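Work through the exercises below with the sequence and the model in view. Each task is followed by its solution in steps.

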Amino acid sequence: MPCPDSVTSLTRCRWAETDPLLRAYHDTEWGVPVRDSRALWEMLMLEGFQAGLSWLIVLRRREGFRRAFQGFDPEIVARFDAADVERLMADPGIIRARAKIEATIGNARAYLAMRDKGEVFSDFVWNMVPDAPVRNTTGQVLAQSPLSQAMSKVLKARGFKFVGPVIVYAWMQAVGMVDDHDPACFRHPATR
């Protein structure tokens, strides 16, 4: 009898069990603290594109997004104009939602405005979570939290769009501000 593949036999969060791409993302990225400002911004933009869809759709198109949005370089994206919006609307490698595309361009401008005022995006968002990672010990994954509501509010006040508390909570999970691994998951702190 063949030995089971150790990667597929691990106990994971249930959402990661449905597809190999989700498993790989869960095992190597989800919940790992991200401190790089540009990478944090990229993930926030991808979470915005995920709104109303599945994360798997975004993962399958992530490289297309990176190509279309020039590596998610805020300096470049902030200069996108109406012609770029139309180019992106015709790009089958991304999710072609005009409001989300326009929000990403506006969010690049908001990101740069923060930088120009001396705010480092990474420091700004991580300072809102002083006890990070917030560890969820209940085994129940929330859709949002008082912390994601507060962060959503301050991001919106700085001009960001598609940063509602549900999107922000998913982002906080993804970038390691919140540890929502199921207690039985091999990546949960109690099992490490």
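**Exercise 1.** State how many aromatic pairs the structure holds, and classify the pair of Phe 49 and Phe 65.

Solution. The structure holds 13 aromatic pairs. Rings of Phe, Tyr and Trp (its six-membered ring) pair if their centres lie within 6.5 Å; planes under 30 degrees apart count as stacked, over 60 as edge-to-face and the rest as tilted. For Phe 49 and Phe 65 the centres are 4.6 Å apart and the planes make 50°, a tilted pair. Phe 49 sits in helix H2 and Phe 65 in helix H3 (residues 55-68), 16 residues apart; helices (H or I, at least four residues) and strands (E, at least two) are DSSP runs, numbered from the N terminus. Both Phe 49 and Phe 65 are buried, where buried means under 20% relative accessible area, exposed over 50%, and partly exposed in between (1.4 Å probe, protein chains only).

The model is predicted: local features need pLDDT of at least 70, side-chain atom pairs count only at pLDDT 80 or more, and totals for chains, interfaces and linings use all residues. Residues are numbered from 1 along each chain as its sequence is written, and side-chain values use heavy atoms, with hydrogens and water left out.

**Exercise 2.** Find the backbone exceptions at Pro 133, Gln 70 and Phe 162.

Solution. Most residues other than glycine have a negative phi, and most peptide bonds are trans. The peptide bond from Ala 132 to Pro 133 is cis, with omega near -5°. Pro 133 is in the loop between helix H7 (121-127) and strand S1 (134-135). Gln 70, not a glycine, has a positive phi of about 50°; this residue is in the loop between H3 and H4 and is partly exposed at 40%. Phe 162 has a positive phi of about 55°, lies in the loop between helix H8 (146-157) and helix H9 (165-174), and is partly exposed at 33% relative accessibility.
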